[in-house]
Amino acid sequence: MTMRVLVTGGAGLIGVGLVERLLAEGHRVVVLDNLFRGRMDHLNHVMGLEAFDFVEGDVTSEADLQRCAELLGGVDLVHHLAAINGTKWFHEAARQVIEVNINGTLVALSMAERWGARFVLASSPEAFGDPVAMPLQEVNASVFPSAEAHQRFSYGASKYLDEIAVQHAVRGGLDARIVRPFNAYGHRMVSDAYGQVIGMLFGAVQQQVPMTVHGDGSQTRSFTHLDDVVEGFYLAGALEVGQDGSRLAGSAFNIGSTEETTVLALAQAVNATVGSKAVDIVLGGGYHGDALRRVPACERALVQLGWVAKTSLEEGLRLMWARLHSTP
Ligand SMILES: NC(=O)c1ccc[n+]([C@@H]2O[C@H](COP(=O)([O-])OP(=O)(O)OC[C@H]3O[C@@H](n4cnc5c(N)ncnc54)[C@H](O)[C@@H]3O)[C@@H](O)[C@H]2O)c1
């Protein structure tokens with residue numbers, strides 16, 4: 001069945017991939033994005049399509065969201081991705097992060113209720129705060145450090161409150177689902193200091209300057225290729241019920257690779273991918289409150305969505321390097 005889909009934050013890293021996937025499945029799509037970090041040129045290849053429209057506007061504005069609904073002629077599904085993401089912002093612009101990430105979700109959620117649309121929230125593993133127990137199960141408790149220490153959790157705590165708002169809406173009857181992507185990476189990543197680690201490492205290669213790895217590089221992450229992350233979002237929005245027949249409203253899905261890698265090993269893997277363009281690796285810097293370890297358990301995604309990460313880190317880095325030269 002063709003759906004009328006609103007993607008907030010659809011000019012961003014995950015959003016563009018999701019838009020491509022939704023259009024390929026024959027759905028009608030409108031993107032709302034204020035281009036805080038998203039880029040218009042990443043959507044050039046779909047701009048002329050009849051099934052696609054772009055609205056430059058703010059997700060905290062009911063009027064901008066309503067404009068999208070009018071273009072779609074009603075909304076069946078909202079993929080709510082608009083947020084301020086990127087660790088440097090969490091510290092430098094903590095109040096703006098809180099403002100956009102919480103108010104944007106509250107407004108988008110209310111509009112979805114008004115339209116009778118299904119809702120998918122882009123949450124984050126950062127919604128768990130700084131937990132010790134790993135792997136992160138879907139229902140693990142969230143643990144946050146004192147706000148005096150640093151502002152990192154302007155982001156994670158806003159995603160935690162977003163999840164609470166969504167669960168509250170589910171109790172009120174909304175069909176809403178939650179996706180937590182674990183370190184998505186792909187060729188459209190921001191490569192400057194406001195970006196995320198893999199984008200910055202490839203950025204260093206492209207400029208032929210040394211790569212900086214924070215701390216001693218022993219912190220681990222689970223890097224998940226964009227194609228896998230997009231598939232997780234797509235399934236979370238498209239399925240009526242779980243693959244096992246379960247109800248999906250109120251389910252939060254960890255969408256992540258379980259291949260845990262140190263950031264130093266990641267930098268070495270990027271160098272191995274780019275061959276003769278390899279650059280020096282320099283250790284240093286970093287941010288207060290950065291997690292030492294992050295690895296998901298994704299049982300729920302497997303059982304309910306039939307989702308599992310398919311792309312190894314080696315293959316994903318190779319794909320990213322190839323697409324950096326060939327795709328918009
Ligand atoms: N990339 C990851 O690894 C990751 C991990 C966990 C969670 N997430 C979440 O997934 C979602 C998408 O992430 P992404 O990596 O594509 O980030 P991104 O920054 O590339 O995309 C977010 C988009 O939201 C837009 N935006 C920001 N403020 C807005 C506003 N007020 N109104 C309208 N648009 C606004 C930005 O311009 C950008 O295009 C975000 O909610 C993010 O928090 C991402």
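Begin by selecting helix 9 and helix 11, where helix 9 passes helix 11 in a right-handed crossing (the near helix is turned clockwise from the far one by less than a right angle). This is a predicted model, in which local features need pLDDT of at least 70 and side-chain atom pairs count only at pLDDT 80 or more, while totals for chains, interfaces and linings use all residues. Residues are numbered from 1 along each chain as its sequence is written.

The axes of helix 9 (residues 263–274) and helix 11 (residues 313–326), lines fitted to C-alpha atoms over the stretch in contact, come within 10 Å and cross at roughly 55 degrees. The two helices are therefore oblique to each other, a class left over once angles under 35, over 145 and from 65 to 115 degrees are set aside.

Next, show A269, V270, T273 and V274 of helix 9, which meet L313, E314, L317, R318 and W321 of helix 11, contact being C-beta atoms, placed from the backbone, within 7 Å. By class, this contact has six nonpolar, one polar and two charged residues.

Now select the ligand: of the 29 residues around it, G9, G12, G38, A83 and A122 come nearest, a residue being near if its C-beta atom, placed from the backbone, lies within 6 Å. Helix 1 (13–24), strand 2 (28–33) and helix 5 (94–115) each supply at least two residues of this shell, and helix 1 gives the most, with three.

Finally, display the whole protein chain, which has eleven helices and 13 strands (DSSP runs, H or I of at least four residues for helices and E of at least two for strands).

Technical notes. Axes are lines fitted to C-alpha atoms, for helices over the stretch in contact, and angles run from 0 to 180 degrees between N-to-C directions. Two residues are in contact if their C-beta atoms, placed from the backbone, lie within 7 Å. Ala, Val, Leu, Ile, Met, Phe, Trp, Tyr, Cys and Pro count as nonpolar, Asp, Glu, Lys and Arg as charged, and the others, Gly among them, as polar.
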